[in-house]
Amino acid sequence: MNILAVGDVVGRTGIEELKNKLPKIISENNIDFVVVNGENAADGMGLTEKLYREILKLNVDVVTMGNHTWAKKDIFGFIDDKQIVRPANYPSNNPGKGYRIFEKNGKKIAVIDLITL
């Protein structure tokens, strides 16, 4: 199984580069599972639901977050979506999940998100 992890997508430029390059990378490298860090997709800090949905349309399996998870308040409306993972080492009373287990092509893949606090 080929897994691609894409680090920090930053701002509109990062989203556009992802749109322009990710499909070709997936195709040319027979990528089976894609993880994208989206915590800075919204103007360099945070993630909006609109941008989250744009990222998912690119055949991204999971979007990870980080220290800017809570920078855009609409995150609370979609943080519990099954394709988003916030840092697992945030306090347990925070919304969202710090890890998720996915199934793809008959295999299970665990994605855990950890940051330095």
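A contact means heavy atoms within 4.5 Å. By this definition, I109 touches M1, I3, F33, R100, I101, F102 and K104, with residues up to four places away in sequence not counted. The model is predicted, so local features need pLDDT of at least 70 and side-chain atom pairs count only at pLDDT 80 or more, while totals for chains, interfaces and linings use all residues. Residues are numbered from 1 along each chain as its sequence is written, and side-chain values use heavy atoms, with hydrogens and water left out.

I109 lies in strand β6 (residues 107-112). Helices (H or I, at least four residues) and strands (E, at least two) are DSSP runs, numbered from the N terminus. I109 counts as buried because its relative accessibility is 9%. Buried means under 20% relative accessible area, exposed over 50%, and partly exposed in between (1.4 Å probe, protein chains only). The C-alpha atoms of I109 and M65 are 18 Å apart, and the two residues are separated by 44 residues along the chain.

Strand β6 has a partner. It pairs with β5 (residues 99-104) in the antiparallel sense, over six bridges. Strands pair if DSSP finds at least two bridges between them. Opposite I109 stands F102. Two residues lie between the strands of this hairpin, and N105 takes a positive phi near 55°.

Y99, I101, I112 and L114 make a nonpolar surface patch of about 460 Å². Patches are made of residues with over 30% relative accessible area and no salt bridge; like charges are joined within 9 Å, and nonpolar side chains (Val, Leu, Ile, Met, Phe, Trp, Tyr) within 5 Å. Accessible areas come from the Shrake-Rupley method with a 1.4 Å probe; for residues, only the protein chains shown count as cover. L114 sits in the segment after β6. It counts as exposed, at 56% relative accessibility.

The whole structure holds ten salt bridges. Each is a side-chain nitrogen of Lys or Arg within 4 Å of a carboxyl oxygen of Asp or Glu. One joins R12 and E54, at 3.1 Å from N to O. R12 lies in helix α1 (residues 11-28) and E54 in helix α2 (residues 49-56), so the pair ties together parts 42 residues apart in sequence. R12 is partly exposed at 38%, whereas E54 is buried at 14%. K50 and E54 also form a salt bridge, at 3.9 Å from N to O. They are four residues apart in helix α2, and therefore separated by about one helical turn. R12, E16, K19, K50 and E54 are linked in a network of salt bridges.
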